[in-house]
Amino acid sequence: MSTALHESVALTVHAGGAAEILIDRPERHNAMSMPMYEALLTALERCQADSAIRCVMLRGAGGKSFISGTDIAYFKDFHDGQQGIAYEAFVERVIDAVERIAVPTIAVIDGWAVGGGLALATACDFRICSTGSRFGAPIAKTLSNTLSSRNIARLVASLGVPRVKRMLLLADYLSAEQAEACGFVHTVVPADQLQAQAQALAEQLMALSATTQSAVKESLRRIVVEQRLDDEDLVSAVYGSGEFRAGVAGFNRQ
């Protein structure tokens with residue numbers, strides 16, 4: 001079942017438990033307007049609320065860009081730093097919503113993942129991409145703005161400080177092959193195999209323990225973004241779950 005949440009944002013829930021959020025604005029390289037961000041938030045909230053969904057895939061249409069960040073036209077009326085603070089807080093709501101989804105998420109990348117698109121891809125649990133894809137945030141030679149500290153922390157956790165410095169201070173890009181070599185990308189495949197590879201990864205994830213996946217995702221989010229190590233609620237939820245008891249019983253029967 002497919003639902004259009006905006007003329008450029010659609011949510012499709014497939015049989016079997018996988019959901020797909022499509023950003024469809026290829027004429028603007030899938031650049032995000034504020035209404036598109038709001039529609040993406042709505043899609044994420046629906047995925048979080050639907051217990052039948054076991055995996056969420058995020059992809060961009062057109063074969064040239066995953067998501068190219070925020071539409072630069074949005075910034076033309078900025079005149080002070082407070083607008084920048086409000087903008088970064090709004091975008092953080094979206095990135096945070098991606099990270100907080102209890103089920104695994106996959107960024108399906110065909111082309112450029114830059115700026116806010118890079119941040120959205122980094123917030124996903126896995127990234128698969130086509131051979132021609134590129135990753136970066138060339139703000140030092142384009143807008144002369146910055147990323148929020150939380151988004152930089154996410155990049156550092158995924159790429160390491162030296163690569164992030166090259167990306168942000170030198171406006172350098174990572175190729176698909178470089179991204180795979182450093183572990184940022186799970187798999188690189190030809191573009192015509194990308195959707196099948198995404199579905200195969202989704203099926204692999206959906207066959208495993210949702211209880212474990214949810215707890216590990218939240219623990220990692222706290223460690224990376226909030227530098228928190230408290231976990232009693234997560235440990236209690238896992239060890240008190242029916243899935244854990246069934247796993248122990250099944251293991252003991254072997």
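**Pockets, cavity and surface patch**

The lining of the second largest pocket comprises seven nonpolar, three polar and six charged residues. In this predicted model, the second largest pocket holds about 380 Å³ of space. Its lining consists of 16 residues, of which Thr122, Cys124, Ser158, Leu220 and Val224 are the closest to the centre of the pocket. Two or more lining residues come from each of H3, helix H4 (149–159) and helix H8 (210–226). The greatest contribution to the lining of the second largest pocket is that of H8, which provides five residues.

The largest pocket has a volume of about 530 Å³. A total of 27 residues line this pocket, and Ser68, Gly69, Thr70, Val114 and Gly115 are those nearest its centre. Helix H2 (81–100), strand E7 (112–114) and helix H3 (116–123) are the elements that supply two or more residues to the lining of the largest pocket. Among the elements, H2 gives the most to this lining, with three residues. When the lining of the largest pocket is divided by class, 13 residues are nonpolar, eleven are polar and three are charged.

One cavity of 30 Å³ or more was counted. The largest cavity contains about 40 Å³ of space, and its lining is formed by Leu40, Leu44, Val56, Leu58, Val98, Thr105 and Cys124. At least two residues of this lining are supplied by each of helix H1 (34–49) and strand E4 (55–60). By class, the lining of the largest cavity has six nonpolar residues and one polar residue, with no charged residues. Cys124 is one of the residues that line the largest cavity, and Cys124 is also among the residues closest to the centre of the second largest pocket.

On the surface, a nonpolar patch is formed by Val235, Tyr239, Phe244 and Val248, which together have about 350 Å² of accessible area. Helix H9 (232–239) and helix H10 (242–253) each give two or more residues to the nonpolar patch.

Methods
Residues are numbered from 1 along each chain as its sequence is written. This is a predicted model: local features need pLDDT of at least 70, side-chain atom pairs count only at pLDDT 80 or more; totals for chains, interfaces and linings use all residues. Side-chain values use heavy atoms; hydrogens and water are left out. Patches are made of residues with over 30% relative accessible area and no salt bridge: like charges are joined within 9 Å, nonpolar side chains (Val, Leu, Ile, Met, Phe, Trp, Tyr) within 5 Å. Accessible areas come from the Shrake-Rupley method with a 1.4 Å probe; for residues, only the protein chains shown count as cover. A salt bridge is a side-chain nitrogen of Lys or Arg within 4 Å of a carboxyl oxygen of Asp or Glu. Helices (H or I, at least four residues) and strands (E, at least two) are DSSP runs, numbered from the N terminus. On a 1 Å grid over the protein atoms alone, a cavity is a set of points where a 1.4 Å probe fits but cannot get out, and a pocket is an open set with protein on both sides within 12 Å along at least five of seven lines; lining residues have an atom within 4 Å of a point. Grid points are joined across faces, edges and corners, and a volume is the space filled by probe spheres set on the points. Ala, Val, Leu, Ile, Met, Phe, Trp, Tyr, Cys and Pro count as nonpolar, Asp, Glu, Lys and Arg as charged, and the others, Gly among them, as polar.
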